[in-house]
Amino acid sequence: MENDHFDTEIIKTKNVNFYYGAFKALTDITMNFEKRNVTALIGPSGCGKSTLLRLLNRMNDLIAGARVEGEVLFEGMNIYDPEVDPVEVRRRIGMVFQKPNPFPKSIFNNITYGPRLTGTANKSDLEALAEQSLKQAVLWDEVKDILGRSAMTLSGGQQQRLCIARALAMKPDILLMDEPTSALDPISTAKIEELIDELKKTYTIIIVTHNMQQAARISDKTGFFYIGKLIEYNATEKIFTNPDVKQTEDYITGRFG
Amino acid sequence: MTRHQKEIIIKNVFFVFSLISIFILGLIVVFLFREGIPLFREVSLRDFIFGMEWYPTYSPPSYGIWPLIVGSLIVTIFSSLIAVPLGVLSAVYISEIAPPAMKEVLKAIIELLAGLPSVVLGFFGMVIIAPWLQETFDLPTGLNIVNASVILAIMAVPTISSISEDALYAVPNEFKEASYALGATKFETIARIIIPAALSGISTAIILGMARAIGETMVVLMVAGGAAAIPESIFDSVRPMPASIAAEMGEAPFRSGHYHALFATGIVLFLMTLAFNLIADYISQKFKEVGSATL
């Protein structure tokens, strides 16, 4: 993979440091993420993996006192360049959160929220987009007859797939997922994992997870973080069978974390 | 005495105290109705509510309070037209847009506004606004609907603003994050997510602000002008119900027709504010149950 990464890389961080006020949450992170791959970020709580994820679509901008050093290159463009509008970045790099967070609106209005912001107003276009996104998120069959119903009436797992569909409706290049199954039951989790496997044919997925089995199951590459540093970044198989760094092995085998 | 017995005693003490306040409230309502109802031996309910003439001291007297009801409604509506945008938008600014230092200053000012005695605001209306209105628009008097509406609006803004602000704060952060993550701007997030999600609370705030305006006495007594007639322009004087009651109760002979008529006016006013409160309650309950889902 290393030899052809110039063709396949889509986003990379270059010597990134991140601060919450005086607290340094990430130290010197340099990482390439490859196109149409699933990259998992693992590590104990507070290791900075979520911070890194949210830094990739400038969601950390919303936190007062947050500060970034270094570069995040998305298709060669530094998204922290003062010229860059974070709103544009977020339209191309979607995000799914830990807790399913559908809007208190109808299923249809949830899906079409993003496209409407970008000016898609034609009803049949919106309907087509909703159907397509819901099919991609494997939710269509369950909700096609109740699109007008409140998204709040869906189960947790359905809500999370709705949130994925909502992000997909923006036709993003990258999908960031912040522990998307941690609030779900095992059956819903399995559905989401299957979905991720399907989605990686089209999208680049970067996922933060607490669940190491999950990282092993679904990801192509895995990055292990500890106290704000990237300890090891390797093919998932290698990380879980024969890691280069002792600390990674200790974490994987449950000796700490 | 065991701990269990103590618990029972404490529980009963609280129960008795809450009962006392409800009991006193109940007595006031009973009293209001007992003193007001006898009027209807002299006048029909219809003539009282829809009667166009309020001449309680004439002989024979006329007890039509329609001009007073219209006066109350009109100053309430006009004050809401001023207070709702000011109150709601200031709440949005404070909760979503203002930098922390500005937020503190604005909140302090609005609290100060809430603490101003109504009689002081009434002075302001009489001494500053009334002469200005009179000169600018060449009116016979500056004590009129516009003046009363402005002052009532100043009184309603803190109520509307602080309750709306609570409703806006209560919107879960997850909704905002989801909106930003879909590439919404701050303004789009406020307009399409935050305000709709807080709408039940904001509606409650507006209705409670209106209830505050309709029940306010001192301001309308001082600056509404006191004419018991249906107004033809916003520069006409009116005599809202509370002003009429406050101004005339001292003169009305005990248990005369006039006295009963003022109490009956009080009943009407009570029912109106009660309705406002019930509507506010209904809205906040209804939207709470369905998670304001249909918006």
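Reply: B:Arg255 is partly exposed, because its relative accessible area is 42%. Buried means under 20% relative accessible area, exposed means over 50%, and partly exposed lies in between (1.4 Å probe, protein chains only).

A word on the source comes next. Residues are numbered from 1 along each chain as its sequence is written, while chains are lettered from A and ligands numbered from 1 in the order in which they are written. The model is predicted, so local features need pLDDT of at least 70, side-chain atom pairs count only at pLDDT 80 or more, and totals for chains, interfaces and linings use all residues; side-chain values use heavy atoms, with hydrogens and water left out.

Back to the residue. B:Arg255 sits in the loop between helix 11 and helix 12 of chain B. Helices (H or I, at least four residues) and strands (E, at least two) are DSSP runs, numbered from the N terminus. Phi of B:Arg255 is near 60 degrees, a positive value in a residue other than glycine. Most residues other than glycine have a negative phi, and most peptide bonds are trans.

Now look to either side of that loop. Helix 12 of chain B runs over residues 257-289 and holds B:Thr273. B:Thr273 counts as buried because its relative accessible area is 18%. Leaving aside neighbours within four places in sequence, B:Thr273 is in contact with B:Ala211 and B:Ile214. Contact means heavy atoms within 4.5 Å.

Step back to the whole chain. Chain B has 12 helices and 2 strands. Along the sequence, the pattern is α-α-β-β-α-α-α-α-α-α-α-α-α-α. Chain B has 295 residues, and 46% of them count as buried. The C-alpha atoms of chain B fill a box of roughly 75 × 70 × 35 Å, taken along the principal axes. Take the contacts in chain B between residues at least 6 apart in sequence: 71% of them join residues at least 24 apart.

The strands of chain B bring up another backbone detail. B:Pro60 lies in the loop between strand 1 (54-55) and strand 2 (62-63) of chain B. A cis peptide bond joins B:Ser59 to B:Pro60, with omega about 0 degrees.

Next, a pair of helices. Helix 3 (residues 66-97) and helix 6 (residues 145-169) of chain B pack at an angle of about 35 degrees, with their axes 6 Å apart. Axes are lines fitted to C-alpha atoms, for helices over the stretch in contact, and angles run from 0 to 180 degrees between N-to-C directions. The crossing of helix 3 and helix 6 of chain B is right-handed. A crossing is left-handed if the near helix is turned anticlockwise from the far one by less than a right angle, and right-handed if clockwise. The contact of helix 3 with helix 6 of chain B involves 21 nonpolar, 7 polar and 2 charged residues. Ala, Val, Leu, Ile, Met, Phe, Trp, Tyr, Cys and Pro count as nonpolar; Asp, Glu, Lys and Arg count as charged; the others, Gly among them, count as polar.

Helix 3, helix 4 (100-115), helix 6, helix 7 (173-181) and helix 8 (186-197) of chain B each supply at least two residues of its lining. On a 1 Å grid over the protein atoms alone, a cavity is a set of points where a 1.4 Å probe fits but cannot get out, a pocket is an open set with protein on both sides within 12 Å along at least five of seven lines, and lining residues have an atom within 4 Å of a point. The largest pocket holds about 500 Å³ of space. Grid points are joined across faces, edges and corners, and a volume is the space filled by probe spheres set on the points. The lining of the largest pocket has 20 residues, and A:Leu62, B:Glu96, B:Asn173, B:Lys176 and B:Lys186 lie nearest its centre. Helix 7 of chain B gives the largest share, 4 residues. By class, the lining of the largest pocket has 12 nonpolar, 2 polar and 6 charged residues.
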